[in-house]
Amino acid sequence: MADITRTLGLRHLRGAPTQHVIHVVRGKVRHSGTGESFWFRPLTAVLSEVPVDDRELPLLFHARTSDFTDVTVQATVTYRVSDPELAASRLDFSIDPATGRWRGTPLDQLASLLAELAQQPALDLLAALPLTEAITGAVGRIRDAVTAALGEDPRLAGTGVTVVSVRVVSVRPEPELERALQTPTREAVQTEADRASYQRRATAVERERAIAENELQSRIELARREEQLVEQESANARRRAEQQAQTARIGVAAEADRQRALGESEADAIRVVGAARAEAERAHLAAYAELPPAVLQALALRELAGNVPQIGQLTVTPDTVTELLQRLGR
């Protein structure tokens, strides 16, 4: 929208870089171009503002396929006004000199024209295609058909409008029919997912079995090593007991040999001592054998006196003297 300011009896218009402004006075063009800025008299000026930037027109329309199925086509047409003066002469782009707003709705008229021209080739193409082909491979064909139709249409060329591009977003049937058509694919995808899930479970079971086997093998190996350890400990204990018994037997034998040697030594000593004593007795007796009887009696009395216990007091009674005298008399 142009920017219009008021100063006394004149007004000033300042355009935009994307707006083509045409100033006509008494049928003659005074100003024409983008980004124009000028003074004008509101009573004699005829102003038109034509947008020259690229504009997008979204389209959403219904069509019917060859098998009598309704589909929805979603597309976008990008266009621009390539000849603003021609467009201003064919459509009402005039603006109010006081406010700078359009007096009519030229863009709506242009959008209606483009929509009608774009829908017709798409409807004709879809009417010759079955549903499955329309929703699977008709997007590119519709785009090419609409582009060709808009590029060759004389009304657009006579209006100064150029179509920049056509984009067809989708061709979709009714929601219920679309879900029905998606059912086989969904079932196939679900089947593949189930197969992958079963395969994953089978793989998990196989891995668990391998883990269980490894654990079992580990337990078996551990039990075997424990058995070997027990056997080795038993053998070591038996070997230690045998060594201790052998050591005890050696100690007992050594002690017996020592006791035997000691006994033999003591017996030899006793024999030597006894022999010496016997020899002394024989020598003693031999010496006594050569003595006279009176000497032997004296020696016997002396020996007897030496073995008689010590007598502190001796009481002699008449009976004792009498009996002693009788023995001496006998």
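The model is predicted, so local features need pLDDT of at least 70 and side-chain atom pairs count only at pLDDT 80 or more, while totals for chains, interfaces and linings use all residues. Residues are numbered from 1 along each chain as its sequence is written, and side-chain values use heavy atoms, with hydrogens and water left out.

Let's start with His-62. You'll find His-62 in strand β7, which covers residues 55-64. Is His-62 buried or exposed? His-62 has a relative accessible area of 60%, so it counts as exposed (buried is under 20%, exposed is over 50%, partly exposed is in between, using a 1.4 Å probe and protein chains only). Leaving aside residues up to four places away in sequence, His-62 touches Val-71, Thr-72 and Leu-123, where contact means heavy atoms within 4.5 Å. With Thr-72 there is also a polar contact, side chain to side chain, at 3.2 Å. That term stands for a pair of N or O atoms within 3.5 Å; within protein, one must be able to donate a hydrogen and the other to accept it, and residues adjacent in sequence count only if both atoms are side-chain atoms. Gln-119 sits 57 residues away from His-62 along the chain, yet their C-alpha atoms are 9.1 Å apart.

Now for the aromatic rings. A pair of rings is described by the distance of the centres and the angle of the planes. Rings of Phe, Tyr and Trp (its six-membered ring) pair if their centres lie within 6.5 Å; planes under 30 degrees apart are stacked, over 60 edge-to-face, and the rest tilted. How many aromatic pairs does the whole structure have? A search finds two. One is Phe-38 with Phe-40, edge-to-face, at 6.2 Å centre to centre and 65° between the planes. Phe-38 is buried because its relative accessibility is 4%, and Phe-40 is buried at 2%. The other joins Phe-93 and Trp-102: the centres are 6.2 Å apart and the planes are at 70°, so this pair is edge-to-face too. Here Phe-93 is buried, at 1%, but Trp-102 is partly exposed, at 31%.

On a 1 Å grid over the protein atoms alone, a cavity is a set of points where a 1.4 Å probe fits but cannot get out, and lining residues have an atom within 4 Å of a point. Grid points are joined across faces, edges and corners, and a volume is the space filled by probe spheres set on the points. The count comes to one cavity of 30 Å³ or more, and the largest cavity holds about 50 Å³. Its lining includes Leu-59, Phe-61, Val-73 and Ala-118. Two or more lining residues come from each of β7, β8 (70-81), α2 (106-127), α4 (139-152) and β9 (161-173), and β8 gives the most, with three. By class, the lining has 11 nonpolar, no polar and no charged residues (Ala, Val, Leu, Ile, Met, Phe, Trp, Tyr, Cys and Pro are nonpolar, Asp, Glu, Lys and Arg charged, and the others, Gly among them, polar).

Finally, visit two loops. Arg-26, between β3 (19-25) and β4 (28-34), has a positive phi of about 55° although it is not a glycine. Phe-68, in the loop between β7 and β8, has a positive phi of about 60°, and it is not a glycine either. Arg-26 counts as exposed because its relative accessibility is 70%, and Phe-68 is exposed at 67%.

Key: Helix = DSSP H or I, 4+ residues; strand = E, 2+ residues; numbered from the N terminus. 1 Å grid on protein atoms, 1.4 Å probe; cavity = no way out; pocket = protein on both sides within 12 Å on 5 of 7 lines; lining within 4 Å.
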